[in-house]
Amino acid sequence: ARGLEVPGFPNWVDEFLFGHQMKLHPFYYEMEDVGFIINREKQKELVKLYDDKVAESQAELDKLAGWHVNTNAHGQVAVLVYNQLKYPQRKGCSEDVLVALMANTKKQTPEMRRTLELVLWVRRLKLAKVKIGRRPDFDGRMRTVFTICGTETGRSSTKIQKPPVRPEKMGCEFHTLTKHGDIGTEVREMFEADNGYIIVETDMSQ
């Protein structure tokens, strides 16, 4: 690593790697160890809320399609989008592809557009429900696993606990808990501070 030259940062190994990044280990380890208290009743309430949201949107989608569409089954979505609705053939049915189809198809009817919107909406609701319903650790606290070099830019990331860290999947990906938009923002309501502490939100501007 010391043989690698970074323009403008002659001492990057000592300053960044040893002076900053390596020092993050005990900091993140302590956060992993502590975790959050979870209000289980609130968690159950939120899971029920998202069950109802999924059911309502799925019913509207199925009515438009004329059959039950599993939005997580890309084969079924492809049949709906390309065979039934006659959208121009693209590769796959990812969110980017469906958004592009809605934006660039001239012969699209309001019903066609609404169908694609619902496919995306149901997918997002299901994902939010999974995150809300994550299982806490054995002591009832919700924890995460930090990856110090989890991104290409050097930022950290988080993931759930799973073997060999735990015998089964537990915990939550804290960095994916959204605070913006219409889906999943309620998830933060189930986290509680320990006695004598408060939970605060900070960002670079603050």
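Predicted model: local features only at pLDDT ≥ 70, side-chain atom pairs only at ≥ 80, totals over all residues.

**Entry 1: H5 against H6**

I started with H5, residues 95–104, and H6, residues 110–132. On the H5 side I find Glu95, Leu98, Val99, Leu101 and Met102, and they meet Arg113, Leu116, Glu117, Val119, Leu120, Arg123 and Arg124 in H6. Sorted by class, that contact of H5 with H6 has 7 nonpolar and 5 charged residues, and no polar ones.

Next I looked up the geometry. The two axes come within 10 Å and cross at roughly 155°. Angles over 145 degrees count as roughly antiparallel, so H5 and H6 are roughly antiparallel to each other. I noted the hand too: H5 passes H6 in a left-handed crossing.

**Entry 2: H4 against H6**

Then I moved to H4, residues 74–84. Its axis and that of H6 come within 11 Å, with a crossing of roughly 165°. H4 and H6 are therefore roughly antiparallel to each other, and their crossing is left-handed. From H4, the contact takes His74, Val77, Leu80 and Val81; from H6, it takes Thr115, Leu116, Val119 and Arg123. I get 5 nonpolar, 2 polar and 1 charged for the residues of this contact of H4 with H6.

**Entry 3: H3 against H6**

How far apart are the axes of H3 and H6? They sit 9 Å apart, and the helices pack at an angle of about 160°. H3 covers residues 40–65. H3 and H6 are therefore roughly antiparallel to each other, and H3 passes H6 in a left-handed crossing.

I wrote down some of the contact residues. On H3 they include Leu46, Val47, Tyr50, Val54, Leu61 and Leu64, and on H6 they include Leu118, Val119, Trp121, Val122, Leu125 and Ile132. The class count for the contact of H3 with H6 is 13 nonpolar, 4 polar and 7 charged.

I turned to open space. The largest pocket holds about 1700 Å³. Its lining has 37 residues, and Met31, Phe36, Phe146, Phe174 and Val200 lie nearest its centre. Which elements give it two or more residues? I have helix H1 (12–21), helix H2 (24–34) and strands E1 (36–38), E4 (157–159) and E5 (191–192). H2 gives the largest share, 7 residues. By class I count 19 nonpolar, 10 polar and 8 charged residues in the lining of the largest pocket.

The second largest pocket holds about 160 Å³. I find Arg124, Leu127, Ala128, Lys131 and Ile132 among its lining residues, along with Thr176, Leu177, Thr178, Ile183, Gly184 and Val187. That lining divides into 6 nonpolar, 3 polar and 2 charged residues.

Last, I checked the backbone. Is the peptide bond from Pro163 to Pro164 cis or trans? I read it as cis, with omega near 5°. Pro164 is in the loop between E4 and E5.

Lys86 lies in the loop between H4 and H5.

Key:
Residues numbered from 1 in each chain as written. Heavy atoms only, no water. Axes fitted to C-alpha atoms, helices over the stretch in contact; angles between N-to-C directions. Helix = DSSP H or I, 4+ residues; strand = E, 2+ residues; numbered from the N terminus. Parallel < 35°, antiparallel > 145°, perpendicular 65-115°, else oblique. Left-handed = near helix turned anticlockwise from the far one by under 90°. Contact = heavy atoms within 4.5 Å. Nonpolar A, V, L, I, M, F, W, Y, C, P; charged D, E, K, R; others polar. 1 Å grid on protein atoms, 1.4 Å probe; cavity = no way out; pocket = protein on both sides within 12 Å on 5 of 7 lines; lining within 4 Å. Points joined across faces, edges and corners; volume = space filled by probe spheres on them.
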